[in-house]
Amino acid sequence: MNIDAWLRDHTFYHNEFRDLRALVRAKEKAGLVISVCIPTLDEEKTIGKVILLLKRALQDRYPLVDELAVIDSGSSDRTREIAAESGADVYLSKEILPETGFRRGKGENLWKAVYQLRGDIICYVDADIANIHPRFVYGLAGPLIHRPDIHYVKAFYDRTPGSGGRVTEILVRPLLNLFYPELTALVQPLAGEYAVRREILARLPFPVGYGVETSHLLDVHQLRGLGAFAQTGMSRRVHRNQDTAALGRMSFGILQIFLRRLEAHGRIDRLPAVSDLYRTFTSERGELRQSVDALIEEERPPMNSLPAYRRKFGGHGDD
């Protein structure tokens, strides 16, 4: 697909969908159910505000969202209690599909949400957005409600120096330019906010860690091409920034997934043996210290491969 044409026809801005009364009518006419999933781990400082604002605007005032849920990795603070008190459905990740076991990671929560939640569209929203606003949901759901040809909508944001996007610009965008040039049309490929149709989500494997957003982009592109995507501008997003050491670990996980997909999609002949050990150094009082950790991006299988999912949802995710 021509990138310029895609940018013209598949790039939106949140204010195009701010007429929530009209958006609810369109959703009901299309017969769609919309779920919002907020993955959490120790988010007591922000989760209450996020839930209260989304519930008041998108459930109580305008019934755009049918299900507002937190999927928690096992918080040691009051995240689950505050979320429940604020009006969300709260689930502990390890109690969903317990026969599959439990892995700690954001991707694990996103994967289990595909089974636990009932929406035809699932909108993922991070729990640490300091300037949370209903646009983070309606701006993503809007293109899916109005355009049946669109399957996966990513957010993008206004960036200022130091406000984030470092892994995107230093690692992911160069890789996309080299191997998946169509996907360079996405302004923020690693954005934590996105909305997806169930039939697509059920077909995707989910890395349990940092590589989940990258794997989604590459796999959906392989399945449906650039035309399946859209992106919505959300103005500014305020959230916690991670330090350089954490971004290095994130990049290592993303790169593992990217290399696997290059092989799986036939873009390289064969992936050589690679190490899963990640070595870093720090200096304390003039003494050099090294740390070596095994960082393995484990992946969950497509949800439609699980008998339990097929019993609950039938053929969703099958062509």
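Helices and strands are here taken as DSSP runs, helices (H or I) of at least four residues and strands (E) of at least two, numbered from the N terminus. In these terms, and in what is a predicted model, D128 lies in the loop that links strand β5 (121-124) to helix α6. Residues under 20% relative accessible area are counted as buried, and D128, at 13% relative accessibility, therefore falls into the buried class. Between the C-alpha atoms of D128 and P207 there is a separation of 21 Å, the two residues being 79 residues apart along the chain.

Helix α6, which spans residues 135-146, packs against helix α2, residues 20-30, at an angle of about 40° and with the two axes 10 Å apart. Angles under 35 degrees count as roughly parallel and those from 65 to 115 as roughly perpendicular, and α2 and α6 are therefore oblique to each other. The crossing in which α2 passes α6 is left-handed. On the side of α2 the contact is formed by L20, L23, A26 and K27, and on the side of α6 by Y138, G142, I145 and H146; by class, the residues of this contact comprise five nonpolar, two polar and one charged.

In soluble globular proteins, nonpolar side chains tend to be buried together. The largest nonpolar core of the model contains 49 residues, and within this core the residues with the most contacts are Y124, L183 and F206. When residues up to four places away in sequence are left out of the count, F206 touches G107, L110, W111, V114, Y124, L201, V212, H216, E298, E299 and R300.

Conventions
Residues are numbered from 1 along each chain as its sequence is written. This is a predicted model: local features need pLDDT of at least 70, side-chain atom pairs count only at pLDDT 80 or more; totals for chains, interfaces and linings use all residues. Side-chain values use heavy atoms; hydrogens and water are left out. Axes are lines fitted to C-alpha atoms, for helices over the stretch in contact, and angles run from 0 to 180 degrees between N-to-C directions. Angles under 35 degrees count as roughly parallel, over 145 as roughly antiparallel, 65 to 115 as roughly perpendicular and the rest as oblique. A crossing is left-handed if the near helix is turned anticlockwise from the far one by less than a right angle, and right-handed if clockwise. Contact means heavy atoms within 4.5 Å. Ala, Val, Leu, Ile, Met, Phe, Trp, Tyr, Cys and Pro count as nonpolar, Asp, Glu, Lys and Arg as charged, and the others, Gly among them, as polar. A nonpolar core is a set of buried Ala, Val, Leu, Ile, Met, Phe, Trp, Tyr and Cys residues joined through side-chain atoms within 4.5 Å. Buried means under 20% relative accessible area, exposed over 50%, partly exposed in between (1.4 Å probe, protein chains only).
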